[in-house]
Amino acid sequence: MQSSNLKRVFAISGSLRSGSSNHNILNFLKRLAPPDIAFTIYDRLADIPPFDPGNDTDWVNEPVFELRSSIKHASAIIICTPEYAYGVPGQLKNALDWTVSSGSFSGKPTALITASTGGENAHEALLKTLGAIDASVTDDTKLLVSFIRSKMDSEGNIIDEATADSLKAVFNALLKTIQ
Ligand SMILES: Cc1cc2nc3c(=O)[nH]c(=O)nc-3n(C[C@H](O)[C@H](O)[C@H](O)COP(=O)(O)O)c2cc1C
């Protein structure tokens with residue numbers, strides 16, 4: 001039986017790539033999670049259909065329903081994403097568009113980690129989107145990690161100590177908001 005003190009962290013990677021650096025970061029954070037934190041890494045981003053405002057009701061298809069519900073029932077959210085073509089990866093933005101009308105993110109403590117070659121554009125754009133959906137992101141729960149590939153070894157371990165420390169600090173700041 002789960003303790004009522006159990007807190008849920010729901011983590012979304014913006015990369016669908018096998019061996020993704022962003023997935024590796026989420027796995028790194030998951031290993032740091034204290035026992036009273038249930039840390040789930042979302043693995044159905046590819047199942048989310050193209051956003052259609054005409055179908056944006058309470059009776060959405062199952063993957064969208066499940067995504068909205070996971071966000072709603074989470075104590076906190078982590079989004080960890082690369083940048084593609086100076087923007088937010090399309091499938092991540094698409095999923096976020098499905099959460100606008102449901103209000104799933106409203107007031108939700110959220111960490112945004114953009115880990116990319118550069119990443120500044122996606123980071124800025126996502127901060128605006130998260131503002132629009134009323135996610136609660138603070139200065140301490142946002143982090144841009146540029147040159148991410150050079151900060152990881154071939155097995156996905158973070159080999160740059162400053163990056164590991166910054167990731168830990170963001171995670172701790174997020175956990176502080178829910179404890
Ligand atoms: C189609 C494509 C476009 C990209 N465009 C950018 C970009 O505009 N800015 C950037 O910082 N990185 C860009 N990158 C590099 C990604 O940041 C890099 O591949 C990163 O490691 C992807 O994240 P992942 O390892 O989690 O899959 C691009 C990569 C691809 C495949």
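The face of helix 4 turned away from its buried side carries Lys128, Gly131 and Ala132, which are exposed (over 50% relative accessible area; buried means under 20%, partly exposed in between, with a 1.4 Å probe and protein chains only). The model is predicted: local features need pLDDT of at least 70, side-chain atom pairs count only at pLDDT 80 or more, and totals for chains, interfaces and linings use all residues. Residues are numbered from 1 along each chain as its sequence is written, and side-chain values use heavy atoms, without hydrogens and water.

The buried residues of helix 4 are Ala122, His123, Leu126, Thr129 and Leu130. They lie on the same side of the helix because they cover an arc of only 130° around the axis (taken from the directions from the helix axis to the C-beta atoms). Their packing partners are strand 3, helix 3 (90-97), strand 4 and strand 5. Helices (H or I, at least four residues) and strands (E, at least two) are DSSP runs, numbered from the N terminus. Helix 4 has 13 residues and spans 19 Å from its first C-alpha to its last, close to the expected 18 Å (1.5 Å times one less than its number of residues). Just after helix 4, Asp134 adopts a positive phi of about 65°.

Strand 3 (residues 76-81) and strand 4 (residues 110-115) share 5 bridges in the parallel sense. Thr81 has Thr114 of strand 4 as its bridge partner.

Lys7 stands opposite Ile37 of strand 2. Strand 1 is mostly covered, with 5 of its 7 residues buried. Side chains alternate along strand 2. The relative accessible area of Ile41 is 19%. Neighbours within four places in sequence aside, Ile41 is in contact with Ala11, His23, Leu26, Asn27 and Lys30 (heavy atoms within 4.5 Å). The C-alpha atoms of Ile41 and Ala132 are 24 Å apart, with the two residues 91 apart along the chain.

The largest nonpolar core has 28 residues (buried Ala, Val, Leu, Ile, Met, Phe, Trp, Tyr and Cys joined through side-chain atoms within 4.5 Å). Val9, Ile25, Leu29, Phe39, Ile78, Ile113 and Leu167 touch the most other members. Two or more residues each come from strand 1 (7-13), helix 1 (21-32), strand 2, strand 3, strand 4, strand 5 and helix 5 (161-177). Helix 5 gives the largest share, 6 residues. Beyond its neighbours within four places in sequence, Ile113 is in contact with residues including Asn22, Leu29, Ile78, Leu143, Leu167 and Val170. Another core, of 24 residues, lies apart from the largest one; among its members are Leu67, Ala74, Ala95 and Leu96.

How values were computed:
Pairing = 2+ DSSP bridges.
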